[in-house]
Amino acid sequence: MKNILMVISGPSGVGKGTIVKKILERREDVVASVSCTTRSPRKGEVDGKDYFFLSREEFLKRKEEGDFLECDEHFGNFYGTPMSFVKETLKERSVILEIDVVGALNAKRIFPESVLVMILPPSVEELKKRLSGRRSETEEEIENRLKRLDYELEKKELYDYAVVNDELEVSVKQIEEIIDQEKIKESEKI
Ligand code: ADP
Ligand code: 5GP
């Protein structure tokens, strides 16, 4: 069966990381791309696993060298998807990119066959609860993340699928079904 490039986006705190982690625990045919960022690691984050944590200088050098499939700036830090990793991994397994809406639409331009999935919160109240429950951002950082919410939700129509992350287990199963369907579709293409 052919491999797919799945791009998962959604507001900060909606549960993208939690969902992707569960999928990776269950499936050997799927790998998550590790992005590069200039932000500092959060408690428990590991360099090379959660992100490649780069200095601004290193990031800009790699950007100039054309090493990013897409990159963008969020909340004062740079984030980018390493092109070589995605291309190499797709030869063997499907790849999930967990990136914001602008990055996702850029990725779709470069890989038109990529499958875009938007994760939505059951409500804004629940999203706020999850963001503050994570205890990894200050109140100001949470406010900044919530300011982007409407912009992100507006782009929902440009996505191939939208999944409301209410019950975690249900969301994970839905995304696994999308992966299976899309892999079949891909293998049926001539
Ligand atoms: P994101 O990667 O989208 O920023 P996270 O995966 O870090 O979000 O999730 C934010 C918080 O919400 C975490 O504390 C996580 O445990 C919690 N969470 C994720 N999915 C659910 C869910 N379906 N129901 C309740 N809490 C959830
Ligand atoms: P966080 O700092 O919470 O991990 O991520 C902040 C934002 O950066 C999120 O919206 C996340 O989806 C986005 N992001 C993470 N990696 C990438 C990437 O490689 N490219 C782009 N464009 N955005 C990314």
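Entry 1, ligand. I first looked up polar contacts, pairs of N or O atoms within 3.5 Å. A backbone N or O atom of Val14 lies 3.3 Å from an oxygen atom of ligand 1. For Lys16, I found a backbone N or O atom 2.9 Å from an oxygen atom of the ligand. In the side chain of Arg134, an N or O atom is 2.7 Å from a ligand oxygen atom. Of the 570 Å² of accessible area that ligand 1 has on its own, the protein covers 73% (Shrake-Rupley method, 1.4 Å probe). I listed 15 residues around ligand 1, each with a heavy atom within 4 Å of it; Gly13, Lys16, Thr18, Arg134 and Asp166 are the closest.

The model is predicted; local features need pLDDT of at least 70 and side-chain atom pairs pLDDT 80 or more, while totals for chains, interfaces and linings use all residues. Residues are numbered from 1 along each chain as written, chains are lettered from A and ligands numbered from 1 in written order, and side-chain values use heavy atoms, without hydrogens and water.

I read an open sheet of five strands in the order E2-E7-E1-E8-E9, with parallel pairing. Strands are DSSP runs of E, at least two residues, numbered from the N terminus; two pair if DSSP finds at least two bridges between them. Strand E2 (30–32) and strand E9 (161–164) each have a single partner strand, so one side of each lacks a neighbour in the sheet. Four bridges join E1 (residues 5–9) to E7 (residues 94–98), and Leu5 stands opposite Val95 in E7.

Notes:
Polar contact = N/O pair within 3.5 Å; in protein donor to acceptor, adjacent residues only side chain to side chain.
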